[in-house]
Amino acid sequence: MPEVIFTGPAGRLEGRYQPSKEKSAPIAIILHPHPQFGGTMNNKIVYDLFYMFQKRGFTTLRFNFRGIGRSQGEFDHGVGELSDAAAALDWVQSLHPDSKSCWVAGYSFGAWIGMQLLMRRPEIEGFMSIAPQPNTYDFSFLAPCPSSGLIIHGDADKVAPPKDVQGLVDKLHTQKGITITQKTLPGANHFFSNDAELLLEECADYLDRRLAGELSDPRPKRLR
C-alpha cells in the first residue's frame with residue numbers, strides 16, 4: 001500500500017493509496033474522525049473501510065486532513081478539510097481519468113465532510129456515513145441529497161444521540177430519487193468499541209448489495 005504525498009490547498013497532504021488493476025475501476029475515498037480529538041487516517045475503522053473497498057476492486061485512498069501526521073496546514077473547522085477532501089479526489093482522478101464513478105465513506109467528523117463533498121461532486125454515486133453528528137454539525141446543505149447511501153450508527157452513541165441521527169435520516173427519506181439505508185447497531189457507542197467487526201460486516205453487506213444493483217435509484221448519475 002503506497003504512502004503518497006500530494007498537493008492540497010494548505011500544502012502537502014499525506015495519504016495511503018491503492019490503485020485498482022482496472023483502469024475504469026471506481027474510486028473510494030475514506031475520511032477520518034475529528035483531527036482535534038485524535039482522528040487520523042490510521043483510525044481502525046478508516047483502515048478497515050479502506051481494505052473493504054480495495055478488496056472489491058476499487059482504487060482507494062485515505063489521507064490525513066491538514067495538520068495531522070505529515071499533512072501541512074492547521075485545523076480549519078471543516079471548511080479547509082472539505083477543500084482537502086476535494087483536492088484528494090482531484091488527485092486520484094488525475095491518475096485515473098477512465099474512472100467514471102466514486103464513493104465516499106466518512107466516520108464521525110469525516111461523515112460530515114463526506115456528505116458535503118457529495119453535494120459538490122456529481123460523480124459520487126454512493127456514500128457511507130458512519131456515526132454522523134447532526135447534533136454538532138449542520139447537515140441542512142443536504143437539500144436535496146444527490147446520491148443513495150448508508151447511514152450507520154449505534155443506539156448507545158452519546159456523542160451523536162440516536163434521536164438526532166434519526167431526525168437526519170427521516171429528513172433524507174422524504175427526498176425522491178434516492179434510497180437512504182439506515183442501520184442501527186444495538187449497544188454500540190460512538191467508537192464502536194466492541195462492535196467494529198459488526199460495523200464492517202454491515203458496511204460490506206451494503207456495498208455488495210449496491211454493487212449488485214440493489215438499494216439505489218436506478219437512474220444513472222451524471223458524469224463529471
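Q: What's the relative accessible area of Leu 211?
A: Leu 211 comes out at 46%, so it is partly exposed. Here buried means under 20% relative accessible area, exposed means over 50%, and partly exposed is in between, using a 1.4 Å probe and protein chains only.

Q: Before we go on, what kind of model is this?
A: It's a predicted model, where local features need pLDDT of at least 70 and side-chain atom pairs count only at pLDDT 80 or more, while totals for chains, interfaces and linings use all residues. Residues are numbered from 1 along each chain as its sequence is written, and side-chain values use heavy atoms, with hydrogens and water left out.

Q: Ok, back to Leu 211. Where is it found, and what does it touch?
A: Leu 211 is in helix α5 (residues 196-211). Helices (H or I, at least four residues) and strands (E, at least two) are DSSP runs, numbered from the N terminus. Not counting residues up to four places away in sequence, Leu 211 touches Arg 56 and Phe 58, where contact means heavy atoms within 4.5 Å. Arg 56 is 155 residues away from Leu 211 in sequence, yet the C-alpha atoms are 9.3 Å apart.

Q: Switching to α3: how many of its residues are buried?
A: 10 of the 12, so α3 is mostly covered. Among them are Phe 109, Trp 112, Ile 113 and Leu 117. The cover includes α2 (79-95), α4 (162-173) and the strands β3 (27-31), β5 (102-107) and β6 (124-130).

Q: What's the end-to-end reach of α3?
A: From first C-alpha to last, α3 (residues 109-120) reaches 18 Å, close to the expected 16 Å. The expected span is 1.5 Å times one less than the number of residues.

Q: And at what angle does α3 pack on α2?
A: About 60°, with the axes 9 Å apart. Axes are lines fitted to C-alpha atoms, for helices over the stretch in contact, and angles run from 0 to 180 degrees between N-to-C directions. The pair is therefore oblique; under 35 degrees counts as roughly parallel, over 145 as roughly antiparallel, 65 to 115 as roughly perpendicular, and the rest as oblique. Contacting residues include Leu 82, Ala 85 and Leu 89 of α2, and Phe 109, Ile 113 and Arg 120 of α3.

Q: What about α1, which residues are buried there?
A: Ile 45, Val 46, Asp 48, Leu 49, Phe 50, Met 52 and Phe 53. They pack against β2 (11-18), β3, β4 (59-63), β5, β6 and α5.

Q: Where's the cis peptide bond?
A: Between Ala 143 and Pro 144, with omega about -10°. Pro 144 sits in the loop between β6 and β7.

Q: Last one: what does Thr 40 contact?
A: Leaving aside neighbours within four places in sequence, Thr 40 contacts His 32, Pro 33, Val 46, Asn 64 and Ile 68. Thr 40 is in the loop between β3 and α1 (44-55) and is partly exposed, at 25%.
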